[in-house]
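This report goes through one protein model part by part. Please look over the sequence and the structure before reading on.

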Amino acid sequence: MARRLRFNGTDSRNGNCPAVHEDLDSGEILVQGTPLTDPQDISQLQHFGPGDVAVVVPRELLVHHGPKEVTHVPTLIDQAEFGQLFTTFEHSAWHLETRQGYASDREDPGYAEFLATGTTPYDLDSEWCVNIRQQTTDGKYVGRVRVVDDPPTDGQLFLLAYAGCNAATGEDVRNLWREEAKQLRLPDEDFWIFDSRLVAVLRFDDQDVFHDVEVITEPAEVLRYCQIRDAAVHGSVPYDEFAARLGAAR
């Protein structure tokens with residue numbers, strides 16, 4: 001059975017070797033680099049077995065992208081504390097959405113209307129919309145990239161229709177296909193980045209119910225998520241352009 005590997009990062013400007021990956025199940029770290037082949041160099045290595053392979057990587061790679069703790073113990077916050085982040089961030093808040101659907105959307109009365117009519121009602125005077133509109137009016141950036149399956153699920157089509165509400169508050173709303181997300185090595189995680197210094201990973205159960213948030217502030221980990229954000233934004237298109245392409249393809 002193949003490992004479940006997560007790309008942790010690279011310092012290569014070309015996005016190639018060297019790089020660090022992590023086994024999501026065992027926690028083992030895989031370091032990718034240039035093989036050490038000179039026999040005189042290899043002869044100096046201690047405990048080097050017949051099946052071993054040595055690779056050469058810059059010290060900075062391990063400093064920036066290697067683990068900083070032996071056993072990861074997540075820092076969790078509840079939904080109320082998570083909600084406060086949207087009023088206290090200083091300059092930017094960005095979201096990657098990767099799920100096929102969300103229980104909270106299916107419980108929204110507008111979801112049933114969307115399934116029946118194909119249109120999504122929204123309230124620009126809701127607490128969420130009023131706050132985000134105030135934040136963007138103050139010059140702060142709020143954005144998100146939504147990953148969409150091919151064909152899209154009902155939940156993803158609902159959010160695509162609802163994106164007009166997000167945009168009306170000043171959000172930068174974008175989409176990309178899941179296959180493209182895989183090519184960009186985006187993780188299957190939902191998370192927000194606040195001010196490029198704090199990451200809030202949203203945790204769901206098997207029924208798509210949002211239950212708590214893991215907060216990450218370790219600089220190397222935050223950097224990795226910022227790199228994911230940059231790749232996602234670069235590879236995505238504005239929601240209205242994506243919707244037009246989807247409609248033309250049907």
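Which residues of helix H6 (residues 127–137) are buried?

## Helix H6

The buried residues of H6 are Cys129, Asn131, Ile132, Gln135 and Thr136. Here buried means under 20% relative accessible area, exposed means over 50%, and partly exposed lies in between (1.4 Å probe, protein chains only). Helices (H or I, at least four residues) and strands (E, at least two) are DSSP runs, numbered from the N terminus. An α-helix has 3.6 residues a turn, so residues three or four places apart point the same way.

On the other side of H6, Glu127 and Thr137 are exposed. The cover over the buried residues of H6 includes H3, E8 and H7. Just after H6, Gly139 has a positive phi of about 95°.

## Source and overall form

The model is predicted, so local features need pLDDT of at least 70 and side-chain atom pairs count only at pLDDT 80 or more, while totals for chains, interfaces and linings use all residues. Residues are numbered from 1 along each chain as its sequence is written, and side-chain values use heavy atoms, with hydrogens and water left out.

The protein chain has 10 helices and 13 strands. Its C-alpha trace spans about 70 × 40 × 35 Å along the principal axes. Of its 250 residues, 41% count as buried. A contact means heavy atoms within 4.5 Å. Among contacts in the protein chain with a separation of 6 or more, 67% come from residues 24 or more positions apart.

## A glycine in a loop

Gly170 sits in the loop between helix H7 (154–168) and strand E9 (172–177). With a relative accessible area of 41%, Gly170 is partly exposed. Leaving aside residues up to four places away in sequence, Gly170 touches Thr136 and Val142. Gly170 and Thr136 are 34 residues apart in sequence, yet their C-alpha atoms are 5.7 Å apart in space.

## The nonpolar cores

In soluble globular proteins, nonpolar side chains tend to be buried together. A nonpolar core is a set of buried Ala, Val, Leu, Ile, Met, Phe, Trp, Tyr and Cys residues joined through side-chain atoms within 4.5 Å. The largest nonpolar core has 27 residues, of which Ile77, Phe82, Leu85, Trp192, Phe194, Leu198 and Ala200 touch the most other members. Two or more residues of this core come from each of helix H3 (79–88), helix H5 (109–117), strand E8 (141–148), H7, strand E10 (190–194), strand E11 (198–204), strand E12 (210–216) and helix H10 (239–249). A second, separate core has 17 residues, including Ala181, Leu186, Val222 and Tyr225.

What does Ala200 touch, not counting residues up to four places away in sequence? The list is Phe82, Leu85, Asp190, Phe191, Trp192, Phe194, Val213 and Glu214.

## Salt bridges

A salt bridge is a side-chain nitrogen of Lys or Arg within 4 Å of a carboxyl oxygen of Asp or Glu. By this rule there are 14 salt bridges. One of them joins the side chains of Asp23 and Arg3 (2.7 Å, N to O). Asp23 is in strand E2 (residues 19–23) and Arg3 is in the segment before strand E1 (5–9), so this pair ties together parts 20 residues apart in sequence. Asp23 is buried at 5% relative accessibility, whereas Arg3 is partly exposed at 47%.

Arg4 forms a salt bridge with Asp25, with the closest N and O atoms 2.8 Å apart. Arg4 is in the segment before E1 and Asp25 is in the loop between E2 and strand E3 (29–32), so this pair links parts 21 residues apart in sequence. Arg4 is partly exposed at 44%, and Asp25 is exposed at 56%. In another salt bridge, the closest N and O atoms of Arg229 and Asp230 are 3.3 Å apart. Salt bridges that share partners also join Glu97, Arg144, Arg146 and Glu171 into one network.
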